[in-house]
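Q: I would like a close look at a single part of this structure. Please keep it brisk and start from one residue.
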Amino acid sequence: MLFMVTYMPTLCCRLWGDHGQDTLENAHVCLINATATGTEILKNLVLPGIGAFTIVDGHTVTGEDNRAQAATELLQELNSHVSGNFVEESPEKLLDNNPDFFHRFTIVIAVQLPESTSLRLGSVLWSASIPFLVCKTYGLIGYMRLVVQEHTVIESHPDSALEDLRLDKPFAEFKNHLQSFDLESMNKKDHSHTPWIIIIAKYLEKWLSEHNYKPPQNYKEKEAFRQLIRDGIRKNENGVPEDEENFEEAIKNVNTALNQTKIPSAVEELFNSEQCNNINSESSSFWVMLRAVKDFVHSEGNRDLPVRGTIPDMIADSQKFINLQNVYRTKAMQDAAAVSTHVQRLLQSLGKPPDVIPDNDIKLFCKNASFLRVVRCRSLAEEYGVDSVNKDEITSCMDNPDSEMVFYLILRGVERFYQQHSRYPGVYNYQVEDDISKLKLCVNSVMQEYNLNVNIKDDYVHEFCRFGASEPHTVAAFIGGSAAQEAIKIISHQFVPFNNTFIYNAMLQTSATLQL
Amino acid sequence: MADAELPEKKRRRIEDLTEKMAVDGGYDWDGRWNHVRKFLERPGPFAHPDFEPCTESLQFLLEMCKILVIGAGGLGCELLKNLALSGFRLIHVVDMDTIDISNLNRQFLFRPKDVGRPKAEVAADFINNRIPGCKVVPHYKKIQDFDESFYRQFHIIVCGLDSIIARRWMNGMLISLLSYEDGVLDPSSIIPLIDGGTEGFKGNSRVILPGMTACIDCTLELYPPQINFPMCTIASMPRLPEHCIEYARILLWPKEKPFGETSLDGDNPEHIQWVFKKSIERAAEFHITGVTYRLTQGVVKRIIPAVASTNAVIAAACSLEVFKIASSAYIPLNNYLVFNDVDGLYTYTFEAERKENCSACSQVPQNLQFPPSAKLQEVLEYLMENASLQMKSPAITTTLEGKNKTLYLQSVKSIEERTKPNLCKTLTELGLSDGQELAVADVTTPQTVLFKLNFTT
């Protein structure tokens, strides 16, 4: 039993590793409004082990208890290691009296906030560079808006990533290693346990010497290349090809193995960005390391990123596989060391000590160099501003009047309705019918202000009145899960957050991400 | 405050908070179901054509609609909570597992003190105590322990399983409940099946109307067979830390019997520690790095990384479909939703199509094409490896000379020994002829599947 008790605190998710878990445990999340959606979001943060949360909510539940306090107590039960706090104040009051209150948080998540409060809070958090996630459950529509100026991601963990094998540009150590293999003279066992990377490399050498040093270019040539490899399969006394799975693997991998090694365009864009070219004392480690990699690319790297150093598993005997793996690993370490020297040079020029960026961080950065991502969201002010509204995005989506964009537009109309009537449409049965035309007017007035000429179907306006500003638990739970995961991405800097508006249509179970 | 007092004080405080929400003499305080009523009592342009707004719908939901939840794990806990908060009260839950400490970071109906107790029972207790009026009935059983009479009582069945075999069995059970009159399906015999599944940041939710829409087996190719490492890799040429762990688990444990005759228990830290140590030694022999305690546990328990948020999303989608079908307030999902939040949030909704010759729901006799000289072994392998069948340990029987004959059966030792020689015999040697009907039973289906043997030249 004692073993189990001490093990429990380290039950962290294998998906984001120990360092990811550390960022969660050091985070302090602010949730504004402990509604069904709000408590669902927090539940999904408390369970994986967020360090602390603070609920800001001025509303009361039935009886004397404040909603914030009730929610805090129920949530803390879920994980005894989480520190839960509550503030029985409306966010509007806090913005009036003490806007700095929000500066202590890693991320602020607000749920069911009126438009004016969102905009005010958005402005405070934007100036303080604190990520802000706005969520809403309105009937069968879910809404999320991420507001973050600049969010860097080193570990994006892409679903499908191409291997970094450099077969088109073999580095010296690999060529050296290749020389230790003589496919023709090998015995049977070695032949059928040689890694496919070696097989392709060897046959590629042969092909190049016979084709004027031009690799297979088109389908016909790649087929010929595959046949060349197939011909290399050993045959038995009767001339029947043996069962050599490693050769089959080689043939299967020809297409991807012949891919040109090049820097992904997303990374090139980062190299060309202002933050990379203008390194100063304010630059974060991310940009310093990126600049170092860029400098590496233009010197030791010979216009390529540092070698990643990993190879996929493949049919081979242990020794051949481990030796080959080590060739890549060693090269990766060398490249990372070279990048490290560039990092030190940059830090020195900024008057900063070398340990500000640990070696392990640099290694991790180099390993993920192909997958680096930077997410920049527009501010709420830009989204709502008459001069800065993203008209193109809105009108092009609305070419299809059933696009999820229509729900965003009606939500804007709903907020306008609230401003004009101090209530939401259709809350009571008797209001539904009349509110349809009132809501339509509000939606149209918002469209007019932005000079948007789009067709909003009456059926959708009607449906929004039917919703009656309800917060069904199923939709709240969907947004609860989605928002919590985006918050975890922001906190851990792993995996890529959405940019910048997410709409969930529970009626059809569809969704869309819009850039507003 | 002493630590022992804290839990008691907390428990009473929570009971207080929950009680305060109830009104004297009833569960349904004023406004409790407002958010649900809006969808039941108001007409709307997107409601199902059969929908009629009325106040009685809420009563149906609260008092008569019977839902079965299969699984009380990551998805199951979320499903129970969502259904209870949406007005469903007559809920049964089936789960054959007990609570493990590793469940606590997402299966939120369970607390450290519940470790070791049956999941279904703890989940039911929790919901019944916290959500006034809700009557969840737990069953600490396997789904196979029940027959048609049990399943027939439910209006809708929703699955939160982690096993494809169990899904297929459930699918087969509901198909067996269908009744046809003169070849026409009787709609009242259809029990909708809502199925949810998650793996890391990916998940899916689907609505199945047995006999009408694509069933689990219609889309079996969407579940690729799980690949185990080849034995020769594990035995003589490991390359990855996982190979070393499998070596300790599959080869060393049965040989060295470190804890006597006990089989390896993934939940026993002492067992994992032993496997871990042996894996490190194996890895060192081959200069392989990367064996960790956590990886060892993950490989031994076949743990698929799970995260609370994905379960929350998929269970939410599934529960909403239960609500839609029970109330007709909206047209249900037609019929498959895929979710992935690795990079932003991505959903894809499509209509999975029925397979014309689906072995589970098409009622079309399945064909087996083999030359008469083929050995029974080949037929067995086909049943297991074919992507549309993926049977686990099929038992093949047929009728010869008016008598029932078992050709091969694996699950009973004595019969396995008796019928094993048949595997090496050809189909003609076994007395089978062209057009012969073979009945195949397997853990993936509650009913036997009929195959027709077609001899090829």
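Leaving aside neighbours within four places in sequence, which residues is A:His191 in contact with?

A: This is a predicted model. Beyond its neighbours within four places in sequence, A:His191 is in contact with A:Leu183, A:Met186, A:Gly232, A:Arg234, A:Glu244, A:Asn246 and A:Phe247. The residue sits in helix H8 of chain A, which covers residues 188–191.

Now the loop between H23 and S9 of chain A. A:His493 is found there. Phi of A:His493 is near 55 degrees, a positive value in a residue other than glycine. A:His493 has a relative accessible area of 35%, so this histidine is partly exposed. A:Phe495 belongs to the loop between H23 and S9 of chain A as well. A:Phe495 is not a glycine, yet its phi is positive, about 65 degrees. With a relative accessible area of 6%, A:Phe495 is buried.

Further along is a cis peptide bond, from A:Asn499 to A:Asn500, with omega near -5 degrees. A:Asn500 lies in the loop that runs between helix H23 (473–492) and strand S9 (501–505) of chain A.

Chain B has a cis bond to report too. B:Asn334 and B:Asn335 are joined by a cis peptide bond, and omega is about -10 degrees. B:Asn335 lies in the loop between helix H12 (308–327) and strand S9 (336–340) of chain B.

Notes. Residues numbered from 1 in each chain as written. Chains lettered and ligands numbered in written order. Predicted model: local features only at pLDDT ≥ 70, side-chain atom pairs only at ≥ 80, totals over all residues. Heavy atoms only, no water. Helix = DSSP H or I, 4+ residues; strand = E, 2+ residues; numbered from the N terminus. Contact = heavy atoms within 4.5 Å. Buried < 20%, exposed > 50% of the residue type's maximum accessible area, 1.4 Å probe, protein only.
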